Amino acid sequence: MPKTHSKRRRPVTAQHSPASTPLPPIHISGHEKIIIDTTQLTVSRGKLGKSSTETRRRINHFHTLIKQYAKLGALKQQTSDPQAISEVDEQIQAVSEEMTQMGGLDWYQRASLLGQSKQRGGDTSRWFVPKLRELDLHKGQKLRLLDVGALSCLNYAKERAWIDVTPIDLNSQEPGIYQQDFLDIKPPYVTPPNSKVEDNKDTEDSSTSNSHLFRVPFDVVCLSLVVNFIGDPVKRGDMLRQAAQLLVPNGYLFLVLPLSCVTNSRYLNDDHFLAIMTHLGFTQLFSHHTAKLAYYVYKLTSQRKIAEKDHKFSKRLIHPGAGRNNFSIVV
């Protein structure tokens, strides 16, 4: 038989690899955003897992690296010793290289897209839409829905007759998804009576070219598997606060977390999470646990001063013991 020669796989440089786009800003509590510079690294293209279990394992490891990076960034900001800063920089570089070797944010999003394919269980919007119908929100005026961390602009395509979707993501994978940091959105101003939105353009946030999308509040905000992506507990709380600020009175929030965040955490459970959401002015309408995910639907029923960062809910030990994770939300 003739000999076959397998091609040797060569590493590709980050500046030429679509799988090694520089990672998004990592939010550090109380400090400026820190961006992982991966443009000079030599990386291999990230591989997707052959099974849902393998893909989930790799995604979880990516989450762990993000949390490590956030902690190191905070540590660097708190020290003034040159030698200590140098040591932290080396650790930050090692973490950023590992994330880049995995394929960076592009790999993470491709893995997440695979996870929401029909073969892997479908996307979370398919659970949410029946709840909107149950609330009779498919009748009457068309809903304005902000889909944060959208992986596909087609998630609500079947409902386009009664849902007007604005999909955003830190690293857009489709032309129909706006590239936008959720926490950078300036909350909509209150339009004075008998005035037009166009009359108040000077109040727009000039820091984003997408500001025209956020001139008025939304009827629905979706945070599906995005709060857990943030490594800083305070920034997770900021995301929930931001959702309330972007909603109309009596608007709706759809939130999805990995089940382990509320059933296997030392610092969070369903009761504590409900207390946090109530503090932010939300009333829980639906909750549902599957083997891997926790689904929640809330209604914004209170117009309290949600912009105040009183940190009433700090990181407090609820379930001590080994074998639990450290997921928490600080508000």
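Which residues have the most contacts inside the largest nonpolar core? I would like to start there, keeping in mind that what you see above is a predicted model. That core has 39 residues, and those with the most contacts inside it are Leu146, Phe182, Val221, Leu223, Leu240, Leu253 and Phe273. The elements that contribute two or more residues to this core are strands S3 (143-148), S6 (218-224), S7 (247-258) and S9 (293-300), together with helices H5 (233-245), H6 (260-263) and H7 (270-279). Apart from it lies another core, this one of 19 residues, including Phe128, Ile163, Phe254 and Phe286. As general background, nonpolar side chains in soluble globular proteins tend to be buried together.

If we leave aside its neighbours within four places in sequence, leucine 223 is in contact with Val148, Phe182, Met239, Leu240, Ala243, Leu253, Phe254, Leu255 and Val256.

Let me step back to the whole chain for a moment. The protein has seven helices and nine strands, and buried residues make up 47% of its 331 residues. Among the contacts with a separation of 6 or more, 70% are between residues 24 or more positions apart. The accessible surface comes to about 17500 Å², and carbon and sulfur atoms account for 50% of that.

Next, helix H4, which spans residues 125-134 and whose buried residues are Ser125, Trp127, Phe128, Val129, Lys131 and Leu132. What covers them includes S3, S6, S7 and S9, along with strand S4 (163-169) and strand S8 (282-289).

A search of the whole structure finds nine aromatic pairs. In one of them, phenylalanine 254 and tyrosine 295 are stacked, with 6.4 Å from centre to centre and 20° between the planes. That pair links distant parts of the chain, with phenylalanine 254 in strand S7 and tyrosine 295 in strand S9, 41 residues apart.

On the cysteines, I can be brief. A disulfide is a covalent bond between the sulfur atoms of two cysteines, and this structure holds zero disulfides. Cysteine 222 is buried, with a relative accessible area of 0%, and cysteine 261 is buried at 6%.

Now to the backbone, where two residues deserve a look. Most residues other than glycine have a negative phi. Aspartate 136, however, which follows H4 and sits in the loop between H4 and S3, has a positive phi near 65°. Aspartate 136 is classed as partly exposed because its relative accessible area is 43%, a value that falls between the 20% and 50% limits. Asparagine 250 likewise has a positive phi, of about 65°, although it is not a glycine. Asparagine 250 lies in strand S7, and its relative accessible area of 42% makes it partly exposed.

Histidine 272 lies in helix H7 and is buried, with a relative accessible area of 9%. Leaving aside neighbours within four places in sequence, histidine 272 is in contact with Tyr267, Phe313, Arg316 and Ile318. Serine 86, for its part, is in helix H2, residues 82-102, and counts as partly exposed at 37% relative accessibility. The C-alpha atoms of serine 86 and lysine 76 are separated by 9.0 Å, and the two residues are 10 apart along the chain.

Conventions
Residues numbered from 1 in each chain as written. Predicted model: local features only at pLDDT ≥ 70, side-chain atom pairs only at ≥ 80, totals over all residues. Heavy atoms only, no water. Helix = DSSP H or I, 4+ residues; strand = E, 2+ residues; numbered from the N terminus. Buried < 20%, exposed > 50% of the residue type's maximum accessible area, 1.4 Å probe, protein only. Core = buried A, V, L, I, M, F, W, Y, C linked by side-chain atoms within 4.5 Å. Contact = heavy atoms within 4.5 Å. Areas by Shrake-Rupley, 256 points an atom, 1.4 Å probe, with all protein chains shown as cover. Disulfide = S-S within 2.5 Å. Phe/Tyr/Trp six-rings, centres within 6.5 Å; stacked < 30°, edge-to-face > 60°.
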